[in-house]
Amino acid sequence: MTIDHAMVRTKPKPWGSFDLRPWSSASTSDGPIGELWFERPGLAAPKTALLLKILLTTEPLSIQVHPDDAFARSIGLANGKTEAWYIVSVIPGAKVAVGLNYPRSAAELRTAITDGSIANIVHWHPVHPGDVIFIPAGTIHAIGAGIVLVEIQQHSDATFRLFDYGRERQLHIENAVAVATAGPREIQSPPQRLSGARTALTVNSYFALEQIDLAPGSVWMLDAPKETWLLAIEGHAQLGSMKLAPGAGVFLEADHADIEVGANGLKALLAYPGPNVNHGALTERRAAGASRGPHASPCAPVPTSFDTAALKQTETPNWLP
């Protein structure tokens with residue numbers, strides 16, 4: 001039985017930000033921070049199946065692709081990487097790229113990576129707060145400047161870089177060509193309302209990602225029979241002995257806890273391994289303004305579904321020499 005206040009590990013990136021508010025108070029004196037990794041505290045904590053991050057971009061990330069499980073294991077890695085993004089905030093005109101504008105052969109893709117024209121054939125889309133983007137392994141993708149997003153992914157740092165905007169970091173041409181789906185993005189299933197308080201943003205073999213919107217003053221029981229991550233986005237609440245505010249993360253497994261929602265309500269993301277929704281994850285114990293008993297929560301706006309796949313960015317992968 002486990003309930004942990006997640007610790008946050010900062011990852012410097014050339015495309016990161018010096019302003020981490022309100023997500024972190026970590027120092028940026030040594031350079032811009034691009035990623036905040038949420039981890040269980042303690043060196044002896046077991047490795048989790050999922051990795052939860054916040055990404056903050058002031059420049060475009062590299063154009064990249066991730067391997068699936070089979071390819072990752074063929075080169076000695078534990079697993080591949082499928083991921084999803086939840087867009088928190090953007091500057092006007094911010095974009096992400098998912099897939100190519102039309103299909104290419106392996107030879108054409110190799111040439112585009114080699115001569116840099118890959119930057120002109122990825123399919124860029126504007127994004128807005130609340131957009132949800134699913135990116136299965138093999139999807140060529142990139143994140144533009146001026147975006148804050150939450151990423152949930154298989155716990156892997158396996159990334160093959162196709163283009164890096166002149167930063168002179170290593171490209172991984174042969175591996176990228178071997179794993180990439182060199183064509184347009186897949187159609188993405190839209191979010192599904194589970195209840196007045198819960199919306200399933202994306203559900204797949206590896207993880208389920210939900211948005212929860214809890215009314216001011218309500219009390220809920222969060223039940224986590226298996227690995228579960230909660231990340232506060234807006235508002236405040238108390239979860240057991242922990243205070244939830246924007247950027248606060250909690251890990252639960254084989255345990256449960258009450259969430260007492262503050263005066264401004266709580267918007268949060270909930271993530272756990274797939275392939276099924278945990279329908280019993282959230283039970284209302286006391287409605288807003290009531291002393292006891294179940295009550296339907298007011299419906300929050302359903303997040304929009306970006307009609308394709310999701311995201312990821314990294315520095316040189318840990319497994320590279």
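On the scale used here, buried means under 20% relative accessible area, exposed means over 50%, and partly exposed is the range in between, with a 1.4 Å probe and protein chains only.

Before going on, the basis. This is a predicted model, in which local features need pLDDT of at least 70 and side-chain atom pairs count only at pLDDT 80 or more, while totals for chains, interfaces and linings use all residues. Residues are numbered from 1 along each chain as its sequence is written, and side-chain values use heavy atoms, with hydrogens and water left out.

Back to E234. Its salt-bridge partner is K267, with the closest N and O atoms 3.7 Å apart. E234 sits in strand β17 (residues 228-239) and K267 in strand β20 (residues 255-272), so this pair ties together parts that are 33 residues apart in sequence. A salt bridge here is a side-chain nitrogen of Lys or Arg within 4 Å of a carboxyl oxygen of Asp or Glu. As a general point, side chains of opposite charge can pair when their charged atoms come close.

Now the overall picture. The protein has 3 helices and 21 strands. Its radius of gyration is 20 Å, close to the 20 Å that the globule rule gives for 321 residues, so the protein is as compact as a globular protein of that length. The helices (H or I, at least four residues) and strands (E, at least two) are DSSP runs, numbered from the N terminus. The radius is taken over C-alpha atoms, and the rule is 2.2 Å times the number of residues to the power 0.38. Along the principal axes, the C-alpha atoms fill a box of roughly 65 × 40 × 40 Å.

How much of the protein is buried? Buried residues are 58% of the 321. The exposed surface comes to about 13200 Å², with 55% of it supplied by carbon and sulfur atoms. These areas are from the Shrake-Rupley method with a 1.4 Å probe, and for residues only the protein chains shown count as cover. Turning to contacts, meaning heavy atoms within 4.5 Å: of those with a separation of 6 or more, 78% are between residues 24 or more positions apart.

Next, charges. There are 25 positive and 30 negative side chains, and the centres of the two sets lie 2 Å apart. Lys and Arg count as positive, Asp and Glu as negative, and His and the chain ends are not counted. Each charge is placed at NZ of Lys, CZ of Arg, CG of Asp or CD of Glu.

How many salt bridges does the rule give? The count is 12. One of them is R40 with D4, at 3.1 Å between the closest N and O atoms. This pair links distant parts of the chain, 36 residues apart: R40 is in the loop between β3 (33-39) and β4 (50-57), and D4 is in strand β1 (residues 2-5). R40 is buried, at a relative accessible area of 16%, and D4 also counts as buried, at 16%.

Another salt bridge joins R167 and D164, again with 3.1 Å between the closest N and O atoms. Both of these residues are buried. They belong to a network of salt bridges that links E59, D164, R167 and R169.

Phi of Y165 is near 55°, a positive value in a residue other than glycine. Y165 is partly exposed, at 34% relative accessibility. E168 is placed in the loop between β12 and α3 as well, and its phi is near 65°, also positive in a residue other than glycine. Is E168 buried or exposed? At 78% relative accessibility, E168 counts as exposed.

Then the prolines. The peptide bond from R21 to P22 is cis, with omega near -5°, and P22 lies in the loop between β2 (7-17) and β3. The bond from G274 to P275 is cis too, with omega near 10°; P275 is in the loop between β20 and β21 (282-286).

Last, P184, in the loop between α3 (173-179) and β13 (192-193). P184 is partly exposed, with a relative accessible area of 43%. Which residues does P184 touch, not counting those up to four places away in sequence? They are G99, L100, N101, Y102 and P103. P184 and E39 are 145 residues apart in sequence and 34 Å apart in space, C-alpha to C-alpha.
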